[in-house]
Amino acid sequence: MSRKRLGFGDFELDLQQRSLERDGENLELQVRTLDLLSYLARHPNETLSRKRLLSDVWGGVHVSDWALSSAIYQVRKVLDDTDRDPPWVRTVRGQGFRFEAPVRELVPPPARVPYFGRTDLLENLAVAREEAALGQGRLVLLEGDAGMGKTRTTEEIVRRAGDMRLARGWCDESDAAPAFWPWTQVLRELAPLELEGEISEVLGLQPGRTPPEELSWQEPSAAPRVDVLDGLARSLRAACERGPLIVILEDLHNADASSLAALEFVARRMIDWPLLLVATYRPGELESLGDSIGGIVSLPQVTRCELEPLEPAQVIALARHILGEAATQRVCTAIYERSGGNPFYVRSLVREFESHDGAEGELPRSIKAVLGRRLDRLSPGTREAVRVAALVGHRFDIELVDALVGPSVADWRDEAIAAGILELDSTPTTFRLRFSHALLREAAADELGPHQRAQLHRRIAALKLERYGSPRGEEVTDLAHHLAAALPVAGDGGASALRFCRMAAEEAMRATAWESCERHATVALEILRDRSGDEEPKELLELMALRCGALSAQGGRSNEIALVLDDAADLLARVQHDEVRAVFAGLRYVHERNLGFYDRAMRGVEELPAGWATLARMWRGTLQAIGGEFAAARDLIAEEPPVDARPTFVRYLLLDPSVLALASTSIACFALGEEQAALRRIERAMRLAEHENAVYSLALARFHACMLHELRGDLPSLAAEAARLDALATDRSIAPLLGAGFMFGAWADELQGRPRMPVGDLGAIVAPRFEQPEGGAMRGYAQSLVARFFEHADRFDEAQRHALAVRESSEEHGERWVLCETWRLLGRLAHAAGRVSEARDAFDAARDLAHKQHSPVFELRALRELHELDADAAVAREIERILSEPRELPALDRVRR
C-alpha cells in the first residue's frame with residue numbers, strides 16, 4: 001500500500017486527500033503544483049529527469065518545459081525553499097531535480113469511518129431514545145442482512161445516547177451456549193455496579209467470575225419458569241430505577257427459546273420503564289423465531305426498522321472518505337454495483353482497491369468468509385445448482401438451469417430461496433429467479449474451477465443460441481459474454497466469440513453503454529490478434545475505432561486513447577480505405593482538441609484523405625471559433641451545413657461534425673454581436689442531433705447552449721437547458737459532462753434568488769469535476785464558472801485559484817475567448833481585494849484581447865469593467881464608438897445596462 005501522509009519540516013502532505021498543511025494550516029496550491037510536490041516527496045533523494053517528471057506527473061499530456069519550470073518554481077515558493085541552505089528542491093545540472101528534504105512517514109491513528117446515510121432511521125431511533133429517557137419504554141427490532149450495518153447502527157445509538165447507560169448481550173450461534181445467555185451478559189455488565197445481589201439470586205451465578213464454558217444452568221423446560229422470567233424483569237427494572245438504560249441484544253436470530261420468551265416477558269412490562277431495548281436480527285428470521293416474537297410485534301411500544309442498502313450518493317461519500325481523490329466516478333460506480341449498497345461490502349471493496357489499486361478483482365477474503373458461510377448451509381445438490389445458475393446470470397430462467405444440472409438435483413430452487421440466496425423474479429410472461437445479492441452470485445461462481453467454468457459457459461451459450469434463434473439487443477450481449485468466457489474450450493478458434501463480441505460492442509455504442517462497448521471491443525481485439533495468420537487490418541482498425549469512441553465518452557481516459565491511436569498508426573499504412581483513414585484522422589482530431597492541443601488537432605484535419613473537404617472545413621471552423629477567430633469561423637460554417645459522412649462519424653466518434661461546428665460557431669456569432677444568428681445555430685445543432693439520435697453530440701450542443709444563454713444573461717433559458725443537459729448526461733452516462741447541467745442550473749437559480757444551497761458549497765461540490773485536463777475550452781469555461789461561484793460567496797482566494805488555473809490553461813492552448821472572460825474575472829477579484837492597479841491591468845488585457853478578436857461584445861464587457869473602476873472619459877468614448885456602429889444590438893444593450 002502506498003504511503004498516505006508524509007512530513008518534512010513543519011509541512012504535512014496528505015497524498016490521499018491531496019492537501020498540504022503547515023503547522024496545521026491548509027495551503028492552497030494549483031492542482032499540478034501539488035501533483036509535482038507529491039511525486040517529489042514520494043521519491044526523496046532520487047534524481048528525477050525532466051522527461052520522467054513530464055511523463056509521470058503530467059500523465060503523458062504534452063506540455064512545454066516551461067510548464068515544468070513554472071511548477072518547480074511554485075513548489076519552491078510554497079516551501080520557502082529559496083531562503084533555505086541547502087535547498088530542499090535541488091537542481092542537478094543536466095540531469096533534473098532531486099528532493100532532499102528529510103521526508104518521514106506519518107502514521108495517524110486510524111480514523112473512525114463516519115456513519116453514512118440512514119437519516120430517517122436515526123431520527124426514528126432518536127425519538128425512541130428520548131421517549132425511553134422520559135420513562136416510556138421502547139423496543140426496537142432492527143432488521144438487516146449480514147454486513148448491512150446492524151452493529152454499526154447500535155454503536156451510533158450508543159454514541160448519541162448522552163447520559164444513558166448501556167448493557168449489551170450477544171446471542172451465540174453455537175449449540176454450546178446456555179439458556180438465557182444474552183440476558184446473562186446484560187446482567188453481568190450491570191452487576192459490578194449495582195446488581196450483584198439480584199443476579200446471584202436470579203441466576204445462581206457468581207457475576208463476572210464464572211466463564212461461559214462452566215455455566216451449568218440448563219433451560220428448565222420448553223417453557224421457562226415464570227419465577228425466573230420475573231426475576232430477570234425485576235433486575236432490569238431495578239437497573240432502570242437508577243437511571244435511563246439502553247440494552248442491546250445482538251443477533252436475535254441465534255437466540256435460544258428461553259431468551260426469546262424473556263424478551264416477550266420484558267417487552268410487555270417495560271412500557272413505563274426508562275428503557276430503550278434494541279434487538280437486531282437478519283431478514284426473514286423474525287417469523288421463524290416463534291410465537292414469542294410474533295406476539296409482541298403489534299404492541300405500541302415496539303417498532304420494526306429495516307436497514308436499507310446505501311444509496312449511490314452515500315456509497316460515493318463513503319468511498320471518497322477512505323480513498324480521497326482516488327475514488328473516481330468509475331471506481332465508485334464499480335464499488336456500488338458489486339456491493340449493492342451493503343456497507344460492509346462497500347468498505348471491504350474500497351479497502352481492496354486501496355491495497356491493490358483495483359475495484360474489479362477477486363473478492364476480498366472478509367466478504368468471501370461471510371458469503372461462504374451462507375453457501376455452506378446448502379445441500380450439495382442445491383449448492384451445485386446455485387453455482388451453475390451463477391454462471392447463467394444474475395437473473396435466469398429456471399428451465400435453463402434445470403437443463404444444465406439434470407433431473408438428479410431436485411428441490412434446489414425451494415431450498416435456495418428459503419436460504420435467502422435466490423429470490424423470485426417473475427413477470428406475467430416469464431418465471432425466473434435472481435440472486436438476492438450480486439456478490440452471492442460472484443462467490444458461488446468463484447467456487448468453480450477455470451476449466452469447469454469454461455465448459456459450462458460453452459454449454460450455456462449453445463442452449464441460449466438455440467433458444468434465441470436470431471439474437472438481437474441484450475441477447476447479443478449475453479451470448480458475447482458466454483462465448484468469450486468459453487474461449488479456452490472453443491471448438492471454432494474463437495470465431496463465434498469474435499462475431500458476437502463485435503456485434504455486442506456496436507449494440508452497446510448505439511445504446512450509449514460506453515463501458516460495455518469498450519469491454520466487448522477489447523475482447524474482440526484480443527481474439528482477432530490471437531488468430532494466427534488471420535489478421536485483418538481493416539477489421540482491427542474498426543474495432544479500435546469503436547474502443548476509442550467508448551473511451552472518449554467515459555472521460556479521463558486520454559492516455560489509453562493515445563495508446564490506441566499510436567497502435568493504429570502502423571496498421572493505417574497497410575490499409576487503402578479512405579473512410580477508415582478519415583475515421584482515425586477524426587479520432588486524433590477529437591483527442592487533441594479535447595486536450596486543448598489545437599495546433600495538433602489542425603494537423604489531424606490536414607491528414608484527411610482527398611474528397612473530405614467539407615468535413616475538414618467543419619473541423620477547421622470549430623477550431624477557429626475556440627481560438628477566437630470569430631468572423632473566419634462564422635464565414636466558414638454555413639447555418640445549414642451539408643450532412644455527408646455523418647453516419648460514419650457518429651458511429652465511431654460519437655460526434656456529428658455538423659452539430660459541433662454549429663454549436664461552436666454559435667459562440668462566435670454571439671461574440672460578433674449577432675445574437676439571433678447565434679440562437680439559430682444552436683437550435684439547428686440540437687435539432688440535427690435529435691433527428692440523427694446522436695446522443696453525445698446532443699449533449700455537447702446542450703452544453704454550448706448553456707454557455708450561450710449564460711453569456712447572454714438569459715437565466716430562464718439557462719435553467720431550462722441546464723435541466724435538459726443534466727437529465728441527458730445522467731441518463732446516458734456521458735461522463736465528461738456529468739455535473740455540468742447541475743452546475744449551470746444552480747448558477748441560474750442563484751442569480752434568480754432561488755439558491756439551492758450556500759453558493760460557496762456549490763462551488764466546492766462541482767469544482768472537482770472541472771479540474772481535469774480533458775474537455776478543452778468547454779472545461780475551461782466551466783471552471784471559470786466555478787470561480788464565479790466562489791466570487792459570489794466572497795471566497796476570493798478560492799475564486800482566484802480556479803481563475804488562475806483557467807488563465808494558465810487558456811494561455812497555453814490559445815483558447816482566447818475563454819481567456820478574455822477570465823481576465824475580466826481576475827480583474828474583479830483584484831478590485832475586490834483593493835489591488836486597483838492589478839485590476840486595471842487585467843481589464844486592459846481583456847479589452848486588448850477582445851479587440852484583436854474583433855469581438856464588440858467581449859470588448860464592451862471589458863470596457864464597462866474599466867469604466868466602473870475609475871470612470872475614465874476615454875473609456876466612455878470607446879464604449880459609445882462601438883455602440884454607434886451598425887450592428888444587431890440586443891446583446892450589446894444588455895452589456896450597456
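1. **Ground rules.** This is a predicted model, in which local features need pLDDT of at least 70 and side-chain atom pairs count only at pLDDT 80 or more, while totals for chains, interfaces and linings use all residues. Residues are numbered from 1 along each chain as its sequence is written, and side-chain values use heavy atoms, with hydrogens and water left out.

2. **The chain as a whole.** The protein chain has 41 helices and 15 strands; helices (H or I, at least four residues) and strands (E, at least two) are DSSP runs, numbered from the N terminus. Of its 897 residues, 53% are buried, where buried means under 20% relative accessible area, exposed over 50%, and partly exposed in between (1.4 Å probe, protein chains only). Among contacts with a separation of 6 or more, 66% are between residues 24 or more positions apart; a contact means heavy atoms within 4.5 Å.

3. **A five-stranded open sheet.** Its order is β4-β3-β2-β1-β7, with antiparallel pairing. Because β4 and β7 (104-105) stand at the edges with a single partner strand each, one side of each has no neighbour in the sheet. Pairing here requires that DSSP finds at least two bridges between two strands.

4. β2 (residues 11-14) and β3 (residues 19-22) run antiparallel and are joined by four bridges, with Asp14 opposite Ser19. Three bridges then join β3 to the antiparallel strand β4 (residues 25-27).

5. **What lines the pocket.** α19 gives the largest share, seven residues. Elements supplying at least two residues each include α17 (438-446), α19 (474-485) and α21 (514-530). By class, the lining has 15 nonpolar, nine polar and 20 charged residues; Ala, Val, Leu, Ile, Met, Phe, Trp, Tyr, Cys and Pro count as nonpolar, Asp, Glu, Lys and Arg as charged, and the others, Gly among them, as polar.

6. **Helix α25.** In α25 (residues 598-606), Tyr598, Ala601, Gly604 and Val605 are the buried residues. Seen down the axis, they fall within an arc of 105°, so they line one face of the helix; the arc is that of the directions from the helix axis to the C-beta atoms. Asp599 and Glu606 are exposed on the other side.

7. Leu863, in helix α39 (residues 856-870), counts as buried because its relative accessibility is 0%. Leaving aside residues up to four places away in sequence, Leu863 touches Arg847, Val875, Glu878, Ile879 and Ile882. Thr33, in helix α1 (residues 31-42), is buried at 6% relative accessibility. With that sequence exclusion, Thr33 touches Ala71, Gln74 and Val75.
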